[in-house]
Amino acid sequence: MFVSACSTVVLPSAGIDTSEPDAVVIGLAPDHFNYQSLNKAFRMILDGAPLIAIHKARYYKRKDGLALGPGPFVTGLEYATDCKATVVGKPEKTFFTQPLTQQSCNPYFTPYFLQDARDDVGGAQNAGMLGILVKTGKYREGDERKIEPPPYLTCNSFPDAVEHILQNLL
């Protein structure tokens, strides 16, 4: 959860000194999202460490149901420290465009499909891609109405999405 002065990603339980961190990095570490570790992150940020988020997913699906993702914790730290996190993953535009740029691909001709309307589909569409929402995994009824513009397409399954791409986009 924290990055030490030598830029090695460490969790509080790793036993590595984080007294002079380069940055606070938040990813998905459910067992470490507790008051003590978040308060330590809060203090590091107040002392000048930048806040970096791997992504800001609101929630994700586990075997026992939906669970909070790192997004609420990142947002809480942003609010408490009056700073803005640098997000390096979804839904940031560069997360989607960087691989396309490296492969000289046109975003408009690149469909992107997953189960999260905001972070996956919305992020892809903000990058100029065709966002396809698939009603599996963490999908909840009405997710397609949570983003503007709405998904290019909403499918019941991944095979349905692939079939649409093969029939209509290639």
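**Note on cavities, pockets and cores**

1. R58 lies in the loop that joins strand 4 (51-53) to strand 5 (59-62); strands (E, at least two residues) and helices (H or I, at least four) are DSSP runs numbered from the N terminus. The model is predicted, so local features need pLDDT of at least 70 and side-chain atom pairs count only at pLDDT 80 or more, whereas totals for chains, interfaces and linings use all residues. Residues are numbered from 1 along each chain as its sequence is written, and side-chain values use heavy atoms, without hydrogens and water.

2. With a relative accessible area of 39%, R58 is partly exposed, because that class lies between buried (under 20%) and exposed (over 50%), for a 1.4 Å probe and protein chains only. Beyond its neighbours within four places in sequence, R58 is in contact (heavy atoms within 4.5 Å) with A67, L68, G69, P72, R118 and D119. Its C-alpha atom is separated by 6.7 Å from that of P70, 12 residues apart along the chain.

3. The largest pocket has a volume of about 220 Å³. On a 1 Å grid over the protein atoms alone, a pocket is an open set of points with protein on both sides within 12 Å along at least five of seven lines, while a cavity is a set where a 1.4 Å probe fits but cannot get out; lining residues have an atom within 4 Å of a point. Points are joined across faces, edges and corners, and volume is the space filled by probe spheres set on them.

4. Of the 14 residues lining the largest pocket, R58, P91, R118, D119 and I147 lie nearest its centre. Helix 4 gives the most to this lining, with five residues. Both domain 1 (24-87) and domain 2 (93-169) contribute to the lining, so the pocket lies between them; the domain bounds come from an automatic or database domain assignment.

5. The structure holds one cavity of 30 Å³ or more, and about 80 Å³ of space lies in the largest cavity. Its lining consists of R58, Y59, D116, A117, R118, D119, K138, D143 and K146. Helix 4 (residues 117-126) supplies the largest share of that lining, three residues.

6. The largest nonpolar core has 15 residues, and V24, I26, L51, V74 and L77 have the most contacts inside it. Such a core is a set of buried Ala, Val, Leu, Ile, Met, Phe, Trp, Tyr and Cys residues joined through side-chain atoms within 4.5 Å. Helix 1 (35-46) is among the elements giving two or more residues to this core, and its share, four residues, is the largest.
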